[in-house]
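Subject: Structure for your review

Hello,

Here is the structure to look over. My notes come after it.

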Amino acid sequence: MKVTLTTLLEKAEKENSAVGCFTVPNMEILMAAVAAAEEKQCPIVIQIAEGRLAHSPLHYLGPMMVRAAEEAKVPICVHLDHGLTEDAIQQALDLGFSSVMYDGSRNDIAENIARTQRVTEIAKRYGATVEAEIGAIGGKEATDNVETVKYSSLADVKRFSKECDVDALAVAIGNAHGHYKGVPKLNMELLEQLAEASAFPLVLHGGSGITAEQFRACIGHGIRKINIATSVLDAYVEGLREAIKENPLCTYYQVNEFGRKYAKEEVKRHITVFNNKEVLA
Ligand SMILES: [Zn+2]
């Protein structure tokens, strides 16, 4: 069943959990994520970032994501991650995405607010939800590499809360996209203050490599959506490698089966922690 982000964020708020949001750049990983959600009986968000559309064209991938969500046995939100242009956002909404992120974080706060509000007005016409961002999450965000993490400013979050009307807000507390060097250092004190100041549920990007304890602590401090891309993509590639290692002459179908299986386990591992079930192995 296809749903908006709000439905899933409300459930997460009530249960003091977070909804897992997984990047699904091809059909195999999409199938893996949906199967994991159905097996765990947990709703998820499936997403693709605008910066990745050169690899996964939206007019091919988008309809597949929408159809997968509609047919799933659990609620699934179909989300555009790090939307940068109104064109891509419009295309996603036209394809039936139930949620979009507008990443205006490179602009100053006034410009970020103005642009986010414009996207919110468009999304509302489609009954879709909007995620915004304040601060700069490290690593490869959107299209370029952010070397220096810029923590979300408390004053900006307060102003944004007054002047914007979004459904979720991504914050920067030391989190980064891609691979971390060592255990990530998250500023939990800042997160607590941001959660207090924000009128919107908070989102944690760059979830790959964050420990189970850190996830739990973030959820305890108000994170309600956690984005995972790298670790599931890595697991998928690991599956392909294993298939070839086991049988160098394996077929296309056999490699895909391994890739799906490994990606599914990685999605399940995260869903388990986000929904306060067992501990991340
Ligand atoms: Zn992100």
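What follows is a short account of what was found, by topic.

Please keep in mind that this is a predicted model.

Zinc site

The zinc ion has three histidines as its protein donors: His82 through NE2, His177 through NE2 and His205 through ND1, lying 2.0 Å from the ion. Along the chain the donors are spaced as H-x94-H-x27-H. His82 sits in strand β4 (residues 76–83), while His177 is in the loop between β9 (168–171) and α7 (188–197), so this pair ties together parts that are 95 residues apart in sequence. Both His82 and His177 are buried.

Nonpolar cores

The largest nonpolar core contains 74 residues. Within that core, the residues with the most contacts are Ile46, Met65, Phe97, Val100, Phe160 and Ile226. Helix α2 (residues 27–40) provides the largest share of this core, with 7 residues. Apart from this core there is another, of 12 residues, which includes Cys77, Met101, Ala168 and Val203. As general background, nonpolar side chains in soluble globular proteins tend to be buried together.

For Ile226, setting aside neighbours within four places in sequence, the contacts are Ala18, Val19, Gly20, Cys21, Leu204, Gly207, Phe215, Ile219 and Phe274. Two of these contacts, Ala18 and Val19, come up again below, in the cavity lining.

Cavity

A search of the whole structure gives 1 cavity of 30 Å³ or more. The volume of the largest cavity is about 50 Å³. The residues lining the largest cavity are Leu8, Lys11, Ala12, Glu15, Ser17, Ala18, Val19, Pro43 and Asn275. By class, that lining has 5 nonpolar, 2 polar and 2 charged residues. Helix α1 (residues 5–15) supplies the largest share of the lining, 4 residues.

Cys164

Is Cys164 buried or exposed? Its relative accessibility is 7%, which is under the 20% cut-off, so Cys164 counts as buried. Cys164 lies in the loop between α6 (154–163) and β9. Not counting residues up to four places away in sequence, Cys164 touches Ile113, Thr116, Gln117 and Phe200. The C-alpha atoms of Cys164 and Asn112 are separated by 9.9 Å, with the two residues 52 apart along the chain.

Regards

Definitions and conventions. Residues numbered from 1 in each chain as written. Predicted model: local features only at pLDDT ≥ 70, side-chain atom pairs only at ≥ 80, totals over all residues. Heavy atoms only, no water. Donors = N, O, S within 2.8 Å, 3.2 Å for Na, K, Ca; no water. Helix = DSSP H or I, 4+ residues; strand = E, 2+ residues; numbered from the N terminus. Buried < 20%, exposed > 50% of the residue type's maximum accessible area, 1.4 Å probe, protein only. 1 Å grid on protein atoms, 1.4 Å probe; cavity = no way out; pocket = protein on both sides within 12 Å on 5 of 7 lines; lining within 4 Å. Points joined across faces, edges and corners; volume = space filled by probe spheres on them. Nonpolar A, V, L, I, M, F, W, Y, C, P; charged D, E, K, R; others polar. Contact = heavy atoms within 4.5 Å. Core = buried A, V, L, I, M, F, W, Y, C linked by side-chain atoms within 4.5 Å.
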